[in-house]
Amino acid sequence: MDQSTSNHSDVIIVGAGPTGLMLANILGMYGHSVTVLEARDSLIDYPRGVGLDDESLRTIQTVGLVDEVRPHTTPQHIMRLVNGRGKSILINNPRTDEFGWERKHGFIQPEVDKVLLKGLSRFPSVQVLFGHSAYRIEETESSVIAQVTVPDGEGGTSEHHFEAQYLVGCEGGKSPTRKRLGVSFDGESPSTRWLVVDVNNDPLGTPNVFLGADPKRPYVSIGLPHAVRRWEFMLHDNEPEELATDPKFVNQMLANHVPDPAKLDFIRRRVFTHHARVAGSFRQGRQLIAGDAAHLMPVWMGQGWNSGMRDATNLGWKLSSVLRGMARDNILDTYTDERMDHAKAMVDLSLTFGKIIKITNPLGVAARDSASKILNFFPSVKSYFADMRFKPMPRYTKGVLADPTSFQSGRAAGVLSGKLIPVATANTKASPVGVQFIQPLVHTEELGTVRLDDAIGKWWTLMVWGNDPHDVLPAETIAQLTELQARLVAIVPDTQYAWAQRDMHEETLVLSDVTGRLKKWFDDRPTPMLLLRPDRFVAGACLNQDGPKTIAAALESMTFIDARTSAPQPAGNSIGI
């Protein structure tokens, strides 16, 4: 990285924020050349995002940086919503770990962003160029050309151009890429302003989060890693933004929280306004947008940073598929299809949660607090909030997937509707297609006991419970999966591992279900065969005999190019799986 500047690459990423850095790591992991252009001279070094979820940590695990990121996190970050008297209205403490990690973490964003940047040094094909401002983009039939200005060290600038097959704008909410594409940015920017105060040497020391639904002045108090504390205070309409730099005013805000605000070690004090917007499309031609460039959301659910990670996770493998000649570029349209609805759902949830917190009308406050007391009498409702089940998990119904009942390509209903007895007797009729697969521990002789993703690799996986894929699929389907470079995996109970290792095909990866969680998952659903995408979402799920039809429909939905039957494609880099 940065050893020598190349003006040609597979992908240009504009913006070295977290989304751009993660996307560069994913593409670098797959062996593609990437140029990251950042107008700033360095990464932003002050705290911004403070919440990291299990889905994001799973992506960080995939790119091989989880051990470097974990020291900058506080796992199991508990959130308590309290009223003006300090009494808990709601406690959010999810204990589930179905994706392999704790559901919620506090984190120090600048430190994690630094890890993502340093991680790019592993890839000779990735360069990050600071002080490079892209001011004009020209798109041709086969490429995108970025005109860039660079300071010359003497007060002036020099001009350079960079060319790539695709460009992804990750430049934040004011994204020039989005504006250039002319797509809408629908939503609202509530007029409520908040004073944010970050300090070192946390004077409270409590490790979790308090959302103060105080009608006099709603506030937030967050304990973060590395002894950092964040407070946020809602400003009233008659309080100008300049008060953020007035030590007397800031100390007044903090007076009810610490004995002596004047002795705090301040990192920053600033005013911000929440935004709730989603772009009308995430792609036009060879240009795409991701992260805050594609969606802005209020901070209440801590999903801004995480939504950017989801974008990179979804887009990275699709760009790689196109660049390697495995799929036509129609697959990039599914990026909008799959990510937009979930981004909207997270924006709506964050707005709703914010409205609950900032109620100041006495009647509204009384109604909210009374309702919370009643709901706490119902365990199922209480656990709904405590376990964070109100958070909409991504479920794709249109995109790279196949319906398990009709075998329709590109669409999948949310329920199983087949008439066979295995469906009628299933513990759940919810379709696993279009949702993220679980990540329990598995065991192999070679790796020992590891998380599932570390065993199956970073690309496509065909997984079968209790059977060898080579035994239940015809030769033609196996050949298609080979062209896809999919890993063929058999999951068996720990008691059957030795038998499966001895008797199954030598190219089948046999995994022992040491915890029984995979057995429970397959027992609940009549879908013993799964086709997992590189982002760990289920593209296809079926009974073994329906495997050929399901796999064919899923491949059609990604516009798969079978090199055996198609015209020769340009040579690409090999996938690091």
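**Notebook: salt bridges and a cavity**

I began with a network of salt bridges that links Asp198, Arg230, Glu232 and Arg268, a salt bridge being a side-chain nitrogen of Lys or Arg within 4 Å of a carboxyl oxygen of Asp or Glu. I note that this is a predicted model, in which local features need pLDDT of at least 70 and side-chain atom pairs count only at pLDDT 80 or more, while totals for chains, interfaces and linings use all residues. Residues are numbered from 1 along each chain as its sequence is written, and side-chain values use heavy atoms, with hydrogens and water left out.

I then searched the whole structure and found 28 salt bridges. Asp198 counts as buried because its relative accessibility is 0%, and Arg230 counts as buried at 4%, where buried means under 20% relative accessible area, exposed over 50% and partly exposed in between (1.4 Å probe, protein chains only).

Next I turned to Glu239 and Arg217, which form a salt bridge at 2.8 Å, N to O. Here loops are joined: Glu239 lies in the one between β16 and α6 (247-254), and Arg217 in the one between β14 (209-213) and β15 (219-224), so the pair ties together parts 22 residues apart in sequence. Both Glu239 and Arg217 are buried.

I also looked up Arg339 and Asp311, a salt bridge whose closest N and O atoms are 2.6 Å apart. Arg339 lies in helix α8 (residues 333-357) and Asp311 in helix α7, so parts that are 28 residues apart in sequence are tied together.

Last, I looked for cavities, taken on a 1 Å grid over the protein atoms alone as sets of points where a 1.4 Å probe fits but cannot get out, with lining residues having an atom within 4 Å of a point. The structure holds one cavity of 30 Å³ or more, and about 230 Å³ of space lies in the largest cavity. Of the 21 residues that line the largest cavity, Thr59, Met309, Thr313, Asn314 and Asp535 are the closest to its centre. The elements giving two or more residues to this lining are α1 (18-29), α2 (54-62) and α7 (304-323).

Definitions and conventions
1 Å grid on protein atoms, 1.4 Å probe; cavity = no way out; pocket = protein on both sides within 12 Å on 5 of 7 lines; lining within 4 Å. Points joined across faces, edges and corners; volume = space filled by probe spheres on them. Helix = DSSP H or I, 4+ residues; strand = E, 2+ residues; numbered from the N terminus.
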